[in-house]
Amino acid sequence: MPSDVVVESSIEIDHITHFYKKNQNILEDVNLSLGTGLFGLLGANGAGKSTLMRIICTLLVPKEGSARVCGYDVVKDCRQVRELIGYLPQEFSAWRLHRVEEVLDTLAQISGMTNKKIRRARVAEVLESVGLDAVADRKVKKLSGGMVRRLGVAQALVHEPQVLIVDEPTVGLDPEERMRFRQLMTQLGRDRTILLSTHIVADLGSGVSQIAILDDGNISFQGEPTELLNRAQDFVYRIPSSEEGLLSDELDFEIVSREGFDQDATVRVVVDDPDAVPSSAEKVNDPSLEEAYLAFMAARGKLSTARQIEEELDAKAKKKQERMKLKKLR
Amino acid sequence: MDYAARIWGVSLSEMRSASRLARTWLFVVIGLLITVPAYLGSAFSHYNLGAFEPYLSMVSNVRYIFAAQIGGSLILVYSIGIVFLAFDIRVRDKNARMHEVLESRPIDNFGFLLGRTLGITFIALLPILVTMFLALIIAFATQFNVAFQVAIPQPHSFWQFILIDLVPNIFFYAAFVVFLAMVLRFRLLVIIFGIGFMVLLFYVAALMPYQLSDVLTWMSVQEYPSDVRPFFTNTLTLLERLAIIVFSLGMLYLATLAHHRHDGYVHARVTALGVGLVVVGCLGFYGVYLNSVNEADDRLVWTNEHLKVDQSFPNTSLDVKELTGSIDVNPGSILQAQYSLSVEVIDTNGTEGLLFSFNPAMDIEEIRLDGSTLQDFEFENGLLVLNPKTFYPIGSKHEIELVAEGVPDELFQYLDSGIDLYGNTAFTGINLRLLGQFNSIFTSDVVALPPDAAWYPQAGPHVNRDQITRRPRDFFTVDLQINLPEDWVVAGPREQNSSLSQGGVASYRINPKIPVPSLALVADEFHRVAAEIEGITFELLFHPKHTKNLAIFADLKDEIVRDIEERLRTAARFGLDYPFSTLSLVEVPANLKIFGGGWRMDTVQSQPGILFMRELNFPTTSFVKQTNFENRTEWDEETQKEYKFGLLESFLRNDLLGGNIFLGFVRNLFVFQTGATGSGAEALDFTVEALVNQLVVGDSGFFSAYMMADANPTGQGTFLSSSTQATYTGRQAPTVSTSRVREMVFNTNSTWESAMDYPLNKLPFSEDPGTSLKVLEMKGNKLASAIIDGLGKEEAGEIVSHLIKQHQGTSYTYDDLRQISADLEIPIDQVVGDWLNDIKLPGYLVSSGSIVRVSDDASNQPRYQTSFHLHNGEDVPGVVTAWYTTGSQEVNSQTNAITIPPESSIRINLISQDPLTEVGVQPYLSLNRDSIPVRLGRKTDDQSIEQVSEGPRPLVESSNWMPPEQTGIIVDDLDEGFSTDNPDLDVIPEWVPNFVKAFIPKPDIDQKLPVHRSGAIGYAWARETTEGAFGTYRRTTARIDSGGTESTAVYCYFKTEIPMPGTWKLDFYLPEANFNKTEAMKLRKAMVGEWRDTANQGIYGITLQFLDQEHEIEFDASVGSQGWNQLGEFELPVAPVTVRISNKSDGDTLFADAIRWTPPAS
């Protein structure tokens, strides 16, 4: 770490702009500051989350602006930055013909864990922590999708990075694994910086200390989850499901969840215009983080976009699962 | 360390990936399939057959060829393998969706690429090493097995390959492919460029200068390694290998520029570093190149300087009479010499200064001339001139003392080689490498200095010493004391076998009792075995590691002694005595060059009193299998010994690479005692040596490096075919007849073609040594045989012994030889004429033969007399034998030689107990070239044979028979009037690289036409020798396969001048063709896919051309008869007339043998 750098934040993003094609900015004047703890980066697909993460991970050079990790510039000091980070990309697999522990061992060694004994112990430890210790000898090609994802988490952790950057980490995980993952992130976030990008707000869990929302290449929100929740007041309602039809066509809304059964059943909705809500609707005073995110987007008039993207993502995930099933069958 | 460990991590992962790929194992399998059978095949050949023939032993001795053959193949296979392992390295991680994870790791792009390159390198190295060590284990494991033993690879070459050759080269190729994979977007291009570069490497390796090929190719063990002179590596090779690694690292640095990941590099700095490393690597190559070029330049300077002097002083000016002194040999370090020379000026014009050749690497400390210290001398480029401005008249004698020290530079040797490898490409010398690498050796392991190393001063320039027409051999007496480290033994003509060891120094005195023309210095810590036979000490000096075979044949000591006694007696019978009291058969390193320079490029394995035994020859050949008689229980001890002795004798005789020790021994009987000079001396010397060889050994040997100079030499093929024949496992060891090999290699139509152009004394030895040697070899040996058989062995021997008596220590001329012949009344001229100066040869015609039954012999056994006439149509005498058979004999009988005077006839009468079925005349050297069959007028019907009461007539009677005269004007296919418009078969397009051209066999040419080969498809007129053809001395016909169109037709022409106008009859001679369906025809069927019987003759398209007229003549050969066929009568003016024959025909084959114009008056 440069001696002349006073580190206040682990990740400092300063006016970053990036594009792949001119006049089509993926990121535009992004500013962000992250300290220790779990940091959630929310945003619709295509919002620029992955690009931002790849810039932080030194895989991309921003067109404008700068980013620092623990005081190191991601462009000028990319090698030092790499010493500090662990990265789980959105699309991760591993060398199919390698065994699980071999993958981790190699990556740990490349990352600087050159003491074989220590490395071995660390690999075992991290495998246990992600629940892959039982398949340590198994080749990657024989792992399930969830296991591969866990392996991805393991590889990002194996060299004990100070900064962990995880991009859509829970894709493909079953609910139990998701829960375990959230716990793990919460635990790890106590003494390091974790930047976690997701479009599934629930994945951020209770351990998240800060949230940023990336929308169309801009940071539209950065703050604590409570702040986001506070902003969601007036946008989240509960209405009887029998009155679902009363929701006017002009109203853009998103049904977030259903509660109860039959006559007593109610739905929780996020709306973009509280004035258009039917009178029978009951305002929700304790919105969830997901509702808060949707409400935030709704407030920005992006609810339909967010919803559409989620649907697309779900459809893609389903398709992918079907392909995997077919492949396995073959 | 940390960085290295991270790189190692990348390497390990790459190795893991590669080791789990199917293609990796595919290459492992290919590598094993290529190398293991070759390895075991060679080992099998060596163990089972090597004992029969040194050449086969040499090329199959896995101890020596292991690294070059097996290692070379492995490098090749795995280099190709690397292309297929690394071509997708750029996208492999992306496909595995690992690239972002990897690229976020703290290892820079160079580390990544280096790690991957090392991973690929190791994954290629591992199976190579496993294969090599597996082979090593097999070799060790078989050592105690009699059924099959595999020789243990020579350790230095083994480790040299692994440590010096293998790693840098595999690393280079891996780096190169990684570089390609980074800079080229398409993987297919990576493969194409990767493989293409390998082809380019081969091409460059073939074209690079010979002297560079040691160090600039991937194998430094191309030559044979040696136990006697172990060779691990040298500075140049190490420098080149280092350059390879630096160059490879440079490539990897440059490859990082193509890496998409930002790495914090400053591009300019990386580019500079990469280019810098590449440049440093290139500088390393250049340094190696420069060093080698400088060596070649030094050599060129020496050669030119010596050639200049040679032109200035075309005649020998000095005769060294005596060489005495002492030499301290400190092997590998220094040679300190004190020489005393007695010289005499022999140039009739006198000479300016006294000129010697002396190795330029020697430092001259002091020179004394006639007792006084000499300041006025020049010593530059190996030319030592004393008092350069002083005139010395003929006959002046001088004493020179010279003190010098140094290590003789081997490059000074053989400056005037007919094939100068230093001016040639590596490919030119590819086979010559098999004959040794170092001209001379002066190391701490062994000292081997052939005379041409000029380790002692030699009169005159160091070139053209074998042009003995003007530079006769310089014979001088020797008395040298050689001081060596204790336990070292020096080989050579030690008159007193006195060795004195004192104070850690062994001293030997070399003092042959007669003058010698040269002296070799060979010394080592030899294992010595000696026996005194007929007052001569015969000693074997072998490397201590190579005594196994001495033990195997130890029980033959008595037989060997008896054999040597017999050989000495045979030689003495012809007045040829071994002149020294010692003969050393000394083992020399496998990497010592065994051929010399000059036009002759002769073997150097025979030196006065010394016979070099190449390490690859007897010392390391496996005789275990062939001398193990456990499975031959029917053989008693005597039979076993008889077989072993025969095996040994034939092995020693079968060396076709100049190492035949019997012929080497014979050189001591004549060539090292006197030499020819004057006009035609080279041919005279050669022929008389052949004569002596045939007298003493019964065979003649010939070796010249030319035999191995071609990429695909006939000689080599012949050696191998002869080796194949050596699989005979009967009671007698197989023998490779050097005569037979000689016949196959040299007695070709092309050689005859040249022989018809030059008399022996005019052969272009300097301009075209290869051709000259072939002619000399063919004619010289045939002449020697004719002289011996024509005069008788005793008589020929008498001439030779008188030559030695009169000219020992000096030289003789052709006239001297003829004078001795005249004085002894043994007329060589009457047998072979003026064979040296005259190009003319005898030509024979025979009558048909007749058989009569003459009176029975004393035991009432029937006797048949077969008689025929033989006419020599040329004005030179000749020698023939007549051969005959009764049909029941396996081998033809043969008469003694019969001399036939010029332009005369004789009648030959053959007496036999049964009627003869076949008779012929075998000329030694004649225009007929081959055997001439005699047509017998009857079949073997005993009843029809006329019976006469008289007794048998003598073998040879005078005769007035003359061959019947031919009427008309005949144009034969051998006559000048016959021509073709064949395409130029010898021309290979210029764009074809030389090393490819070398593999294209040159057609054998017989009087301007290619020789017809059975089974080959003939697109051009070719010459076939067949008894059914028309001819005078030779019966040949031109022939061609039908084909062509009007525009592509290939014509032949019979041209003649019509002397008077009138109606002329034209006849066409149709030869008797071989109409049987031979194997060749079956082969042809396989080639052209249809059965085409060459007997199927159709209609010939013949055109008669004269003035401006053309007449088409149709001749249906299918209904023609063998012999003359009338084509018609034509009204002709006095003019040139041409009969043109096209290859267009509805038949398969056309013949153009002869035409005949019969004049009107007939």
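Start with the charged pairs that join the two chains: select chain A and chain B together, and seven salt bridges are there to be found between them (each a side-chain nitrogen of Lys or Arg within 4 Å of a carboxyl oxygen of Asp or Glu). For one of them, pick A:Arg79 and B:Asp108, whose closest N and O atoms are 3.9 Å apart.

As you go, keep in mind that this is a predicted model, in which local features need pLDDT of at least 70 and side-chain atom pairs count only at pLDDT 80 or more, while totals for chains, interfaces and linings use all residues. Residues are numbered from 1 along each chain as its sequence is written, chains are lettered from A and ligands numbered from 1 in the order in which they are written, and side-chain values use heavy atoms, with hydrogens and water left out.

Next, show the polar contacts between chain A and chain B: 19 residue pairs, both residues at pLDDT 80 or more (a pair of N or O atoms within 3.5 Å; within protein, one must be able to donate a hydrogen and the other to accept it, and residues adjacent in sequence count only if both atoms are side-chain atoms).

Then move to the loop between β7 (163–167) and α6 (175–188) of chain A and select A:Glu168. Its phi is near 45 degrees, a positive value in a residue other than glycine. Most residues other than glycine have a negative phi. Is A:Glu168 buried or exposed? A:Glu168 counts as buried because its relative accessibility is 5% (buried means under 20% relative accessible area, exposed over 50%, partly exposed in between, with a 1.4 Å probe and protein chains only).

For the last stop, go to chain B and find B:Glu903 in the loop between β29 (898–900) and β30 (904–912). B:Glu903 also has a positive phi, about 40 degrees, although it is not a glycine. With 54% relative accessibility, B:Glu903 counts as exposed.

Key: Helices (H or I, at least four residues) and strands (E, at least two) are DSSP runs, numbered from the N terminus.
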